[in-house]
Amino acid sequence: TFMKQYPEIEVVRNKLFQKICSKSSKQLALEIEPNSRILMPEENFIIELLMEPYTRKYGVKLVHDGEHDLKVNPLILDDQVNDIFEGIFSGVGLNFSKKSDEIYPLINVPLDWINSFLEMDGQDTLENKNKNELAISFSEFLEDVAPQYKENVVKAAEYIQNKLETEQ
């Protein structure tokens with residue numbers, strides 16, 4: 001139907017982008033309220049792509065400054081897992097850094113998916129923000145042993161956080 005009505009518009013399908021959107025939408029559906037004003041990060045191509053459909057789906061307004069209800073935090077899965085490991089290895093414990101006024105569209109999306117998509121589209125790739133050598137080394141070890149470890153680490157940290165909050 002779309003192609004019949006708009007033959008001049010080329011439709012490009014990308015399975016990797018569909019996977020990224022699927023992972024992202026599971027998080028965003030829990031966080032976004034209809035008609036919210038969402039503060040966007042400057043020049044973040046992938047977040048712009050992911051958030052645009054919510055302007056139609058939920059009637060949200062994407063803003064780059066001024067008043068807002070929610071703020072986009074560009075934290076990705078790899079950075080969240082590395083933050084958890086860094087806190088543990090430094091003796092601080094788990095870092096519970098999620099804020100209630102922020103949304104996290106990429107929090108379930110691995111860095112390699114994002115960079116593969118950005119490379120296909122000719123965009124600049126993202127760098128791993130973690131500088132803790134022990135956390136990096138441990139992540140590389142786990143990647144070889146248990147490829148799905150990132151999601152499990154996040155689920156375990158969320159479980160512990162919820163348990164601690166209910167006990168207080």
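Predicted model: local features only at pLDDT ≥ 70, side-chain atom pairs only at ≥ 80, totals over all residues.
Residues are numbered from 1 along each chain as its sequence is written, and side-chain values use heavy atoms, with hydrogens and water left out.

The secondary structure of the chain comprises seven helices and four strands, where helices (H or I, at least four residues) and strands (E, at least two) are DSSP runs numbered from the N terminus. Read from the N terminus, the order of the elements is α-α-β-α-β-β-α-β-α-α-α. The C-alpha trace spans about 60 × 35 × 25 Å along its principal axes. Of the 168 residues, 36% count as buried, a class that means under 20% relative accessible area, with exposed set at over 50% and partly exposed in between (1.4 Å probe, protein chains only). The accessible surface of the chain is about 10900 Å², and 51% of this area belongs to carbon and sulfur atoms; accessible areas come from the Shrake-Rupley method with a 1.4 Å probe, and for residues only the protein chains shown count as cover. Among contacts (heavy atoms within 4.5 Å) between residues at least 6 apart in sequence, 75% join residues at least 24 apart.

A search of the whole structure finds seven aromatic pairs, one of which is formed by Y54 and Y58, a stacked pair with 5.6 Å centre to centre and 5 degrees between the planes. Rings of Phe, Tyr and Trp (its six-membered ring) pair if their centres lie within 6.5 Å, and planes under 30 degrees apart count as stacked, over 60 as edge-to-face and the rest as tilted. Y54 is buried, with a relative accessible area of 6%, whereas Y58 is partly exposed at 21% relative accessibility. The pair of F89 and F138 is edge-to-face, because the ring centres are 5.4 Å apart and the planes stand at 90 degrees. This pair links distant parts of the chain, with F89 in helix α4 (residues 77-89) and F138 in helix α6 (residues 133-145), 49 residues apart.

Helix α6 gives the most to the nonpolar patch, with four residues. F141 lies in helix α6 and is partly exposed, with a relative accessible area of 48%.

The structure holds four salt bridges, each defined as a side-chain nitrogen of Lys or Arg within 4 Å of a carboxyl oxygen of Asp or Glu. In the bridge between E151 and K23 the closest N and O atoms are 3.8 Å apart, and this pair links distant parts of the chain, E151 in helix α7 and K23 in helix α2 (residues 15-31) being 128 residues apart. E151 is partly exposed at a relative accessible area of 22%, as is K23 at 23%. R56 and E52 form a salt bridge with the closest N and O atoms 2.7 Å apart, and both residues lie in helix α3 (residues 45-57), four residues apart, about one turn of the helix. R56 is exposed, with a relative accessible area of 58%, whereas E52 is partly exposed at 35%.

K150, found in helix α7 (residues 149-167), is buried, with a relative accessible area of 11%. Its salt bridge with E143 has the closest N and O atoms 3.6 Å apart, and E143 counts as partly exposed at 34% relative accessibility. Salt bridges that share partners join D78, E143 and K150 into one network. The side chain of K150 also makes a polar contact with the side chain of D78 at 2.8 Å; a polar contact is a pair of N or O atoms within 3.5 Å, of which, within protein, one must be able to donate a hydrogen and the other to accept it, and residues adjacent in sequence count only if both atoms are side-chain atoms. Apart from its neighbours within four places in sequence, K150 is in contact with L77, D78, V81, P110 and E143.
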